[in-house]
Amino acid sequence: MSGFIYNVQVTKVGERKGRGNKMDTKNLSIEEMNKNKKLVLMSLPIFVELMLQLLVGNIDQIMVSRVSQNSVASIVNANQVMNLVIIVLSMSAAATTIILSQYLGANDKKSASEISMASIAMITIAGIGTTILIAVLHRPLFQFMNVPQEILRETSLYLMIVASCNVVQGIYLVFSAILRAFTLMKEVMFVSIIMNVLNIIGNAILINGWFGLPQLGVVGAGISTACSKIIGMILIFYICKKKVDVPLKFAYLRPFPWKHLKKVLRVAIPSGTESLSYNASQMCILSVVNRFGTWVTTTKGYCSIFANISYVYAMAIGEATQVVLGYLIGSKRFELVKKRVYMTTIIAIITCVGVSTLLFLCGNWIFYIFTDDPRILELGKKILGIEIILELGRAVNIIMTRSLVSVGDIKTPTVVGIIFQWFVALAGSYFFGVFLDMGLIGVWIAMTLDECMRGIIFFIHFGREKWRKNWEYSE
């Protein structure tokens, strides 16, 4: 991962160019960007955007829960497959943000344009490929996941509708990544708000059959989600064209910038492999959970929504930190990297543990949002208690994984992640959940061990600063 940037001295992140509304980035010094207050302000729009992004699928679960609990289980299983797709697309976009930030820190606008266009081309191809794979393989996948027969048809219908927009989702993500690299987080947030409002309105109309339309249930939720993604992609493209002073033209693809694509792939493939491994292991874990009955799968879906709420801010501040680290590395400010990562980790731990504790204390009420089934209420409250410890490990894990990738150490989170996801999380889920007959509680204990053990390993490894030698050598 060495040699991503050029040897330049940069004290400003960017300057306004005075051409319409376009800008390179906000007129911030790197020292100002690196302050905790500024980092938190950068992370807040990302937090709102990620929260709303997560809610696209979860809103479908919430609104369908008033129609059928089986429909909730259908969406849970379909989203587990879609998570694999989103991971592939998201890691390509995240790699774009990391490398583009480094080029902006080095003030290399030509390379910034080329890397952006190469990423758009790559993610378009990935979107087409994943749609084809889902169309061909979704039935065997659902059989492998032990999806109950009574929800198989609904699960397939929802998945195929949402997966038809994989290209749209990919293009949306890559333009969001470009805007983030230019510290234009608020713009991405506003588009997410519009997307989710439209999704909620569409759900209400199509799920319930308002205005004389047929009551479509899960199918209506899928159609609404797909339409909101299309509108979101159009809006994010328009904003990127207006706000970003880096030309995005097909001319930058002739000749194709293979060297830049290789840099994206060096980050995206290992990181994507780890993330794919995580979601594949989660799919296998869901197949274990499906053994316990539909109502347990439904409980798992609700608890996962609350887990998303607990750790989404850690993801947001982790992404903001990746942008800052890109500029720090691009301008050769290595001495600030370690302090930045440690402070971000502390903030993430406080928020993750704090939110998960609050959710546990309110557990008797929040599950009533979805259901009054006493079995789900009792089991869900126990899971939320375990979730507090899980989020402690996950907070460290999220920040350290993103930071290690940003500084060029991709091998460690990839190798350690794959080993622990399969031999601790999945194997532990079967051991505790099935062999010891602990059910969903056993599954959550296994996932907690996975997150906490990986977090400790990454924290110790990052503190040794072996990654620094690669960048200092490149100078």
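I started with K381, whose charged end sits over the ring of F360, 4.9 Å from its centre. For this I took a charge to sit over a ring if NZ of Lys or CZ of Arg is within 6 Å of the ring centre and within 35 degrees of the ring normal.

A note to myself on the ground rules: this is a predicted model, where local features need pLDDT of at least 70 and side-chain atom pairs count only at pLDDT 80 or more, while totals for chains, interfaces and linings use all residues. Residues are numbered from 1 along each chain as its sequence is written, and side-chain values use heavy atoms, with hydrogens and water left out.

**Ring pairs**

Next I looked up aromatic pairs and found 7 in the structure. Rings of Phe, Tyr and Trp (its six-membered ring) pair if their centres lie within 6.5 Å; planes under 30 degrees apart count as stacked, over 60 as edge-to-face and the rest as tilted. F175 and F237 have ring centres 5.5 Å apart and planes at 75 degrees, so I noted this pair as edge-to-face. The pair links distant parts of the chain, with F175 in helix α6 (residues 166-181) and F237 in helix α8 (residues 218-243), 62 residues apart. Helices here are DSSP runs (H or I, at least four residues), numbered from the N terminus.

Is F175 buried or exposed? It counts as buried, at 5% relative accessibility, whereas F237 is partly exposed at 43%. Buried means under 20% relative accessible area, exposed over 50%, and partly exposed in between (1.4 Å probe, protein chains only). I also saw that ring pairs link Y342, F459 and F462 into a cluster.

**Salt bridges**

Side chains of opposite charge can pair when their charged atoms come close. I counted 11 salt bridges, each a side-chain nitrogen of Lys or Arg within 4 Å of a carboxyl oxygen of Asp or Glu. E378 and K382 form one of them, at 3.7 Å, N to O. Why are they about one helical turn apart? Because they are 4 residues apart in helix α13 (residues 374-406).

R454 and D450 meet at 2.9 Å, N to O, and both lie in helix α15 (residues 439-463). R454 is buried at 3%, and D450 is buried at 2%. Salt bridges that share partners join E274, E387, E391, R394, D450, E451 and R454 into one network.

How values were computed. Helices (H or I, at least four residues) and strands (E, at least two) are DSSP runs, numbered from the N terminus.
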